[in-house]
Amino acid sequence: MASWLIQTEGIIDHGNIVQFIGTQPARVLTQIVLHFFRNTHVNFFEEIVNLIESGKLDNEIDYGVGEVPLQTDKGDYRTPKITIASRSIQLHESFYSYQWSITYAIYALFLETIDYPKMNEIAGFEKYKISQDKILQAKDLFAYAKSLIVMYSEWNKDEMPNPERYNASNRDYIEQTNVFFTEGMKFILCHEYIHAKKHLDNLPESSCDDCFKDMEVEADNEAIDLLLKGTSPSNRFVIDIGVVLGVVSMFFFSATTTGRKHPNAEERLTNALERLAISDDSHAWAFACVGLELWDEQFSLELNWKGKGSVSYKALYYDIMSQIKQKNAGSQPIEGTTDGRLAD
Ligand SMILES: [Zn+2]
């Protein structure tokens, strides 16, 4: 009996209910992510089957398990990718941990530092209590995500927010994070799906950096189009935020964003936001800004956030983007593929 569905107090421990593959807490979402990916829109499962039958995509996801950091001994990353050799999409449970932790941190900081203060202001009293503990916990979890890039350590399921074992009193934060995480992963999987469908058999000359960049933008755009095909008014904001989180999580690998074979991360983020054609007052702008502020703190970039609170989050976003572009001018491109979204 799934009594946890209506549980309001005490500990919910999914690991006690079902046997999962792997050891890291986000393992509880592996199957859910694949379920939502297969159902990106109403005919998508058929499209996937057709691509598998044409030999362009393997019918298994190559799901890696192990208590390892994102960075491999060779210096590349265990981020989602697809290779010609196997034609299967590679995912790793350490990336699940990374992506979920970043999603939680940005969502909790959005609530505690942007959304609740705003609602309280409108209400004229403290309708939503701001929790310093939740803010600190979100920052700790972000620190954990960053640390996973280079060093593995165990996710403390009793102390830190996680999707496997949590107090029912905190379930809203956890379970809403699960929803955004699932959408972000869906976007990432759709991006790889487009590589399998359109790019693996038509890879450009390795010397043509711009050709690779164009390919990445095309994969992002067509992944977004797939997601948009599956929207309804009630899930639209979830998709917008999922896509933002799927792109923002690429920033934390490096202090600069200039790619040689990949478009700059900030260009990808702006491209995604514009492709989604989100409304001026969408929370997705604020989510993007929270992510960029964490990145600024991480690398002491000293971006100027003076507009915060006085202009819209859309305006603040474009202000920060222009500052990032100025900083990028003259910086050396990052070699290799920090986002690892397409291996050779
Ligand atoms: Zn890619």
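I start with a pair of helices: the axes of helix α2 (residues 30-38) and helix α6 (residues 171-199) come within 9 Å and cross at roughly 60°. Before going on, this is a predicted model, in which local features need pLDDT of at least 70 and side-chain atom pairs count only at pLDDT 80 or more, while totals for chains, interfaces and linings use all residues. Residues are numbered from 1 along each chain as its sequence is written, and side-chain values use heavy atoms, with hydrogens and water left out.

Some terms. Helices (H or I, at least four residues) and strands (E, at least two) are DSSP runs, numbered from the N terminus. Axes are lines fitted to C-alpha atoms, for helices over the stretch in contact, and angles run from 0 to 180 degrees between N-to-C directions. Two packed helices are described by the angle between their axes and the distance between the axes.

How are α2 and α6 oriented to each other? They are oblique; angles under 35 degrees count as roughly parallel, over 145 as roughly antiparallel, 65 to 115 as roughly perpendicular and the rest as oblique. On the α2 side, the residues in contact (heavy atoms within 4.5 Å) are I32, V33, L34, F36 and F37. They meet F181, T182, E183, M185, K186, L189, C190 and Y193 of α6. By class, this contact has 10 nonpolar, one polar and two charged residues. Ala, Val, Leu, Ile, Met, Phe, Trp, Tyr, Cys and Pro count as nonpolar, Asp, Glu, Lys and Arg as charged, and the others, Gly among them, as polar.

Staying with α6, this helix has 29 residues and reaches 41 Å from its first C-alpha to its last, close to the 42 Å expected at 1.5 Å a residue. The expected span is 1.5 Å times one less than the number of residues. Of the 29 residues of α6, 23 are buried; buried means under 20% relative accessible area, exposed over 50%, and partly exposed in between (1.4 Å probe, protein chains only).

Next, α8 (residues 236-248). Helix α8 has 13 residues and spans 19 Å, close to the expected 18 Å. 11 of the 13 residues are buried, so α8 is largely enclosed by the rest of the structure. Among the buried ones are V238, I239, D240 and G242. What do the buried residues of α8 pack against? They pack against α4 (93-123), α6, α7 (209-229), α9 (265-276) and α10 (283-299).

The second pair is α4 and helix α5 (residues 132-150), whose axes come within 8 Å and cross at roughly 155°. α4 and α5 are therefore roughly antiparallel to each other. Their crossing is left-handed.

Now the single residues. Not counting residues up to four places away in sequence, E266 touches F251, T257, Y317, M321, I324, K325 and N328. T8 is in the segment before β1 (11-13), and T8 counts as exposed at 62% relative accessibility. With the same exclusion of residues up to four places away, T8 touches A168 and S169.

Note on methods: Left-handed = near helix turned anticlockwise from the far one by under 90°.
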